[in-house]
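I opened this structure to take notes on its rings, its helices and its surface. The entries follow in the order in which I looked things up.

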Amino acid sequence: MDSNAMLVEVFFKAIFKLILPNIKNGILVAIFLSFSFLVGDFLFANLLVGSSYETLQVYLYHIRGKSGHYASAFVFFYFF
C-alpha cells in the first residue's frame, strides 16, 4: 500500500513539474495562432470587399442555426 501511494505521488509530481509547464507554451502559441488566423481572415475580407461579404466563420455561424448536418458536412470538407 505504501509503495503504491509513493509511486502515485511521484507520478503526479512529475506531471505537475515537468509536463504541464512545457505544455503551457504550446497551448499559448496555438491560441495566438488560431486567433490571428481568424482575425486576419476577417480583416482581409472586410478590407477588400466590404462588410457585405460573409467570411467562412460568419457563414458557418449562420448555417449552424439552420442545419447541424449541413454545417458539420461543410466543416468536414473544409478541413479535409
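**Aromatic pairs**

I looked for aromatic pairs and got a count of 2. The rule I used pairs rings of Phe, Tyr and Trp (its six-membered ring) if their centres lie within 6.5 Å; planes under 30 degrees apart count as stacked, over 60 as edge-to-face and the rest as tilted. Tyr59 and Phe74 make an edge-to-face pair, with 5.4 Å from centre to centre and 70 degrees between the planes. I noted that this pair links distant parts of the chain, as Tyr59 sits in helix H2 (residues 56-66) and Phe74 in helix H3 (residues 68-79), 15 residues apart. Helices (H or I, at least four residues) and strands (E, at least two) are DSSP runs, numbered from the N terminus.

Phe76 and Phe77 also form an edge-to-face pair, at 5.5 Å centre to centre and 75 degrees between the planes.

**Ground rules**

The model is predicted: local features need pLDDT of at least 70, side-chain atom pairs count only at pLDDT 80 or more, and totals for chains, interfaces and linings use all residues. Residues are numbered from 1 along each chain as its sequence is written, and side-chain values use heavy atoms, with hydrogens and water left out.

**Exposure of the rings**

I then checked how open the paired residues are, where buried means under 20% relative accessible area, exposed over 50% and partly exposed in between (1.4 Å probe, protein chains only). Tyr59 is partly exposed at 27%, and Phe74 is partly exposed at 26%. Phe76 is partly exposed at 46%, while Phe77 counts as exposed at 63%.

**Whole protein**

I found 3 helices and 0 strands, in the pattern α-α-α along the sequence. Of the 80 residues, 6% count as buried. The accessible surface (Shrake-Rupley method, 1.4 Å probe; for residues, only the protein chains shown count as cover) comes to about 7200 Å², and 73% of that belongs to carbon and sulfur atoms.

**Leu20**

I looked up Leu20 and found it in helix H1 (residues 2-48). Leu20 is partly exposed, at 39% relative accessibility.

**Thr55**

Which loop holds Thr55? I placed Thr55 in the loop between H1 and H2. Thr55 is buried, with a relative accessible area of 5%. Leaving aside neighbours within four places in sequence, Thr55 is in contact (heavy atoms within 4.5 Å) with Asp41, Phe42 and Ala45. I also noted 9.7 Å between the C-alpha atoms of Thr55 and Phe44, which are 11 residues apart along the chain.
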